[in-house]
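I opened my notebook to look up a few things in this structure. Here is what I went through, entry by entry.

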Amino acid sequence: MNRFLKLLCLPPLLAALAACTTPPPSGGGQPGQPGSVNVSDTGPLVVPPLTALRDTPARKLAGRFQRAAWAELPGWSNDDLSRFWPLFLRNCQGLMRQTTGNLAAPARATPRAWQPVCAAAVNLGNTAPDAATVRQFLQTQLQPWRLNGADNRPASNTVTGYYEPLVTGSRTQGGPYQWPLYAVPDDLLTIDLGAVYPDLAGKRVRGKLVGKRVVPYDTRAAIESSGTRPPVIVWVDDPVDNFFLQVQGSGRVLLKDGPDAGTTIRVAYADHNGQPYASIGRWLIDKGELRANEASMQNIRAWAQRNPARVQEMLNANPAVVFFREEAVVDPELGPKGAYGIALAAHRSIAVDTSFVPLGTPVYLATTWPASDRPLQGLVFAQDTGAAIKGAARADFYWGFGDEAGAQAGRMKQRGQMWVLWPKQAGEPSAR
């Protein structure tokens, strides 16, 4: 890898690669990326002694924090915490992982700050206590901090939604199963620019080696027309389902034939080709095929059914391709692993901008239900990131798995505010 990094010292190549860089899809988990946290969702929580947690340099957070009282959290006393405790213990699994100091990875909540809280959680026991005991534990151990923007005013921002879709597929191409979900290509290079230029910490480019040159990786159109395409995990029976699963960043596939027919597998985000995302809905509008108010998933699917010869043309309007890895669905109630390496939980996980809220942080979110003014308020965990999730109090709310979750996620574009919950003894929230 070092010889590839040295090639990036050529300014024209750096500019070319940087131009094709894009983050993963909104809500797309990235546990396979450098410096990320992969934790076990099984087994008891083990909290190391404080002396065993080596500290790493602090990471500056862009927001500001204002101490708040629990009574200031709207709807706090109404949040049903009866099923919250296992999720808190699971999140502690990530909090207790040693930080690496890798600036290319998203900022994480400081492990040493959380060690006493997670140790107290172990003492309380793995058997889920009642909701009142959980609430008392949180109020005793944690301090709410209102998230403000850089101007030190309470931050209010957009809250969108995402989910885990279900599609139908086959291990082999044939019949209706013509739309591939790819594994990571062998020739894909993911290059950390921060290793060469510290000012570019956290910036990555994707490319491939052609002769002695590193060039941008292939677009969707180039991949589909190539004679040597990436390995295929499964073939999906609907191009629009295939496309929107890539937008979500992960999903489940019900296999319909072969020796494992009837089995549901998960395809989890592994990487992407580094090309910029473009909306196929916008392409259809620009081509005059749909009006602006018609660019829904249902109408895009109907257009594809009416125009089968133009489907690949439509898909190629988006040069970005997401690559996946296959995982077993161990617990149907839990979602894919997010950027924190923790399995997402419906209504309790969000994607955040880690320059304001470090991964692993419990957050009290106050927003409203999709397309309504009905309050949606509760305790969630910052366990994921997303390309469009930028700014103070910006969040992507994980709705869970299936069609109903997808319907809620698709309608959600609300305003919201955040309070970060932090160990009382540790002062203001911090990141590593």
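Predicted model: local features only at pLDDT ≥ 70, side-chain atom pairs only at ≥ 80, totals over all residues.

I began with Arg146, which I found in strand S2, residues 142-148.

Next I asked myself: is Arg146 buried or exposed? Arg146 turned out to be buried, and I found no salt bridge for it. Glu72 is its nearest side chain of opposite charge, and that lies 5.8 Å away. A salt bridge needs the two atoms within 4 Å.

I then looked for a polar partner and found Gln417, whose side chain makes a polar contact with the side chain of Arg146 at 2.9 Å. Beyond four places in sequence, Arg146 also touches other residues, including Arg64, Phe65, Pro154 and Trp419.

I moved on to Arg220, in helix H6, residues 220-225. Arg220 is buried and without a salt bridge; Glu224, the nearest side chain of opposite charge, is 5.3 Å away.

Which backbone oxygen lies 2.6 Å from a polar atom of the Arg220 side chain? I found that of Ala320. Ala320 is also among the contacts of Arg220 beyond four places in sequence, along with Pro319, Val321 and Phe243.

Last, I looked up the largest pocket and noted a volume of about 1,300 Å³. I found 50 residues lining the largest pocket, with Phe244, Val247, Gln248, Met297 and Gly410 nearest its centre. Among the elements giving two or more residues to this lining, I jotted down strands S3 and S4 and helices H7, H9 and H11.

Terms used: Residues numbered from 1 in each chain as written. Heavy atoms only, no water. Helix = DSSP H or I, 4+ residues; strand = E, 2+ residues; numbered from the N terminus. Buried < 20%, exposed > 50% of the residue type's maximum accessible area, 1.4 Å probe, protein only. Lys, Arg positive; Asp, Glu negative; His and termini not counted. Polar contact = N/O pair within 3.5 Å; in protein donor to acceptor, adjacent residues only side chain to side chain. Contact = heavy atoms within 4.5 Å. 1 Å grid on protein atoms, 1.4 Å probe; cavity = no way out; pocket = protein on both sides within 12 Å on 5 of 7 lines; lining within 4 Å. Points joined across faces, edges and corners; volume = space filled by probe spheres on them.
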